[in-house]
Amino acid sequence: MNVNEFYKRILTSITILPLSIFFIMYNKISFLLFLIFIAIISIFEWYKIYHKKDFFFIIGIFFLILSFLSAILLRGNNLQTISFFLWVILICVFSDIGGYIFGNIFGGKKLTKISPSKTVTGSAGSFLLSFIPLFLLEKLNIFYLSSIEINIKYLTLNLFFCFICQLGDICVSYFKRKNNIKNISNILPGHGGILDRIDGILFVIPIAYLIKYFEII
């Protein structure tokens, strides 16, 4: 593990995570402005990754817009929907942390050729740490949001969302690798670009919205 990069990653996370939670929870206007800011940078970074302006480029832009619109709808404007939205985001954040820490400390067998840095151990760490937000929100009642419970429904959703998050990460890694890009930019020290940080989230949010809207589980 690159110790310098690790500390950069930790310091950046300590800064952006509380800020993100603030913008999500403060009010709908602050959330929309925050989301628009993230969306603009993400679209620019997608252009940097894939600038051929072909079918995949258009699909990428469409998918980004779909994800951000889904985020607006999923967050809603009441404590119950905000609680669910925050939980989904934190699953992805802790999944990423688990993958990074376990993958770098324990190494092990490569998970896929698409993203050589991903390991089976890292994937297991992602699943393991992704459950932390569920226990924090339910047991400690953080932010006074009480709609999250530890039961079969939420445990199943937790596993599913973590799985989709990892697939999203691998998918974006494929396009970066195809264009010989490691980090999209240096806007977030230790993380790279915005898309490097939210790639998994972008895939989880639309699916989470559909599950919530149609009450699939």
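## How H2 meets H8

Helix H2 (residues 28-49) packs against helix H8 (residues 194-214) at an angle of about 100°. Their axes lie 10 Å apart. The angle falls between 65 and 115 degrees, so H2 is roughly perpendicular to H8. This is a predicted model.

Which residues make the contact? From H2 come Ile-38, Ile-41, Ser-42, Glu-45, Trp-46 and Ile-49. From H8 come Ile-194, Leu-195 and Ile-198. Sorted by class, the contact of H2 with H8 holds seven nonpolar residues, one polar and one charged.

An α-helix has 3.6 residues a turn, so residues three or four places apart point the same way.

## Along H8

H8 has 21 residues. At 1.5 Å a residue, H8 should span 30 Å, and its end C-alpha atoms are 30 Å apart, so the two values agree. H8 also has a kink of about 35°. The kink is centred on Gly-200.

Is H8 mostly covered or mostly uncovered? H8 is mostly covered, with 15 of its 21 residues buried. Just after H8 comes Glu-215, which takes a positive phi of about 50°.

## Ala-39 in H2

Ala-39 also belongs to helix H2. Its relative accessible area is 15%. Buried means under 20%, so Ala-39 is buried.

Where does Phe-68 lie relative to Ala-39? The two residues are 29 residues apart along the chain. Their C-alpha atoms are separated by 7.0 Å.

## Val-88 in H4

Val-88 is found in helix H4 (residues 79-106). Its relative accessibility is 0%, so Val-88 counts as buried.

What does Val-88 touch, leaving out residues up to four places away in sequence? The partners are Phe-161, Val-204, Ile-205 and Ala-208. Ser-130 is 42 residues from Val-88 along the chain. The C-alpha atoms of Val-88 and Ser-130 are separated by 9.7 Å.

## Asn-158 in H7

Asn-158 lies in helix H7 (residues 152-178). Is Asn-158 buried or exposed? At 0% relative accessibility, Asn-158 counts as buried.

Neighbours within four places in sequence are set aside here. Asn-158 is then in contact with Trp-87, Ile-91, Ser-130, Phe-131 and Leu-134. Gly-76 is 82 residues from Asn-158 along the chain. The C-alpha atoms of Asn-158 and Gly-76 are separated by 20 Å.

## Phe-135 in H6

Phe-135 sits in helix H6 (residues 132-139).

Phe-135 and Ile-58 are 77 residues apart along the chain. Their C-alpha atoms are separated by 39 Å.

Terms used: Residues numbered from 1 in each chain as written. Predicted model: local features only at pLDDT ≥ 70, side-chain atom pairs only at ≥ 80, totals over all residues. Heavy atoms only, no water. Axes fitted to C-alpha atoms, helices over the stretch in contact; angles between N-to-C directions. Helix = DSSP H or I, 4+ residues; strand = E, 2+ residues; numbered from the N terminus. Parallel < 35°, antiparallel > 145°, perpendicular 65-115°, else oblique. Contact = heavy atoms within 4.5 Å. Nonpolar A, V, L, I, M, F, W, Y, C, P; charged D, E, K, R; others polar. Expected span 1.5 Å × (residues − 1). Bend = angle between axes of the 7 residues up to and from the residue. Buried < 20%, exposed > 50% of the residue type's maximum accessible area, 1.4 Å probe, protein only.
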